[in-house]
Amino acid sequence: MGQLLHTFLAGSFSLLLRVFLIVIPIMVVLEVFEGTPAFRRVVRGWAVLVRHVGLSERSAAPTLVGFLFGLAYGGGVIVRDIRRHDLPRRQVFIMSVFLSMVHAIVEDSLVFLALIPFSLMALFWIVVYRIAWAALVTLALTAAAGFLVRRARR
Amino acid sequence: MPEPSDTSPKERLLRDLRTGLRAGLVTFWELARVMVPAYGITLVLQYVGAIAWLARAARPLMSLLGLPGDAALPLVVGYVLNIYAAVGSMKALHLAPQQIIVLALAILIGHNLIVEGAVLQRSGMNAFAFGALRVVAGLAAAALAHLLMGLF
């Protein structure tokens, strides 16, 4: 039991330190660069891609943060933007489904790719196939959720 | 575009830095508040042997993925803990590269379900529904990959 408490305290500390060291720079960088033309170009380019799963330009920035850095940090920006821009619930749902299927694309993929000899096949399955799967699941669930909501309203 | 005279670029940068820092601290607090209790629940589950129990229950599923029953352990470790812990317990298994890819897909889609579920809950989603979705969709993606790999 004492061992458990010790693990909890030490683990919580390193978890919080990690979140702090990632979340503060992400938020500061977002705030400083959000208005710049270069940042808008990147977000607009990303928005063109994620439009195919039903995400608006407003939702593109939080989705990009989650896709690159992870669900927790993306979730943080989603919470910020729900407050700031009053993101519609449908958009939050789509972002959550997409990001719960694929996030932290570089870090998470590398962790597993490091286990096997490098090949394009491995890269295909771990990265390309997973993103395609995420898009497919997002489209299917959004359609299903839309159907249920419409039926409930009738 | 001409700058409005009341805010110089330097002032604007300072204002953005302050806003960013404040947003960062608020987000940090939001995440900390849900992640620490979720992490505690995770540790208790591990402590009471829930991981070993779930891994035993999941053993029969592994053959659908072309994996040995032992592969259920890293899968469940990934679900409850995180991908690093899952990779650690995968190393002991000596799987073939294709098997590693199939198992990796299931874990990459479903992992750290309690902590990440708590974060999803903060943005108004249902943590249980999303946890179930990630387990099912992850296993389905892995099974499909296993099937497709067999064809080529």
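Helices here are DSSP runs of H or I with at least four residues, numbered from the N terminus. I keep that in mind for every entry below, and I note at the outset that the model is predicted.

**Entry 1: chain A as a whole**

I read along the sequence of chain A and found the pattern α-α-α-α-α-α-α, that is, seven helices and zero strands. I then looked up the extent of the chain, and the C-alpha trace of chain A spans about 55 × 40 × 40 Å along its principal axes. Chain A has 154 residues, of which 34% count as buried. For the contacts in chain A with a separation of 6 or more, I noted that 63% come from residues 24 or more positions apart.

**Entry 2: chain B as a whole**

**Entry 3: where the chains touch**

How many residues does the contact take from chain B and from chain A? I find 43 residues from chain B and 43 residues from chain A. On the side of chain B that touches chain A, the elements giving two or more residues are helix 1 (9-47), helix 4 (83-90), helix 5, helix 6 (113-122) and helix 7 (127-151) of chain B. Helix 1 of chain B provides the largest share of that side, with 19 residues. Sorted by class, the side of chain B that touches chain A has 31 nonpolar, seven polar and five charged residues.

**Entry 4: helices 3 and 4 of chain A**

I next looked at helix 3 (residues 57-69) and helix 4 (residues 71-85) of chain A, which pack at an angle of about 165 degrees with their axes 7 Å apart. Angles over 145 degrees count as roughly antiparallel, and helix 3 of chain A is therefore roughly antiparallel to helix 4 of chain A. The crossing of helix 3 of chain A past helix 4 of chain A is right-handed. From helix 3 of chain A the contact includes Arg58(A), Ala61(A), Val65(A) and Phe69(A), and from helix 4 of chain A it includes Leu71(A), Val77(A), Ile78(A), Asp81(A) and His85(A). The residues of this contact between helix 3 and helix 4 of chain A divide into eight nonpolar, five polar and two charged.

**Entry 5: helices 3 and 5 of chain B**

In chain B I looked up helix 3 (residues 72-80) and helix 5 (residues 97-109), whose axes come within 9 Å and cross at roughly 20 degrees. Helix 3 of chain B and helix 5 of chain B are therefore roughly parallel to each other, and helix 3 of chain B passes helix 5 of chain B in a right-handed crossing. On helix 3 of chain B I see Pro74(B), Leu75(B) and Gly78(B), which meet Leu103(B), Ala106(B) and Ile107(B) of helix 5 of chain B. Five of the residues in this contact of helix 3 with helix 5 of chain B are nonpolar, one is polar and none is charged.

**Entry 6: Ile109(B)**

Is Ile109(B) buried or exposed? Ile109(B) has 26 other C-beta atoms within 10 Å and is buried; its place is in helix 5 of chain B. Not counting residues up to four places away in sequence, Ile109(B) touches Met101(A), Arg134(B), Ala137(B), Gly138(B) and Ala141(B).

**Entry 7: positive phi values**

I looked up Asp86(A), a residue other than glycine, and its phi is positive, near 55 degrees. Asp86(A) is found in the loop between helix 4 and helix 5 (89-101) of chain A, and it is exposed, with 8 other C-beta atoms within 10 Å. In chain B, His94(B) has a positive phi of about 55 degrees although it is not a glycine. His94(B) lies in the loop between helix 4 and helix 5 of chain B, and with 10 C-beta neighbours inside 10 Å it counts as exposed.

Definitions and conventions: Residues numbered from 1 in each chain as written. Chains lettered and ligands numbered in written order. Predicted model: local features only at pLDDT ≥ 70, side-chain atom pairs only at ≥ 80, totals over all residues. Buried ≥ 20, exposed ≤ 12 C-beta atoms within 10 Å, placed from the backbone. Contact = placed C-beta atoms within 7 Å. Axes fitted to C-alpha atoms, helices over the stretch in contact; angles between N-to-C directions. Parallel < 35°, antiparallel > 145°, perpendicular 65-115°, else oblique. Left-handed = near helix turned anticlockwise from the far one by under 90°. Nonpolar A, V, L, I, M, F, W, Y, C, P; charged D, E, K, R; others polar.
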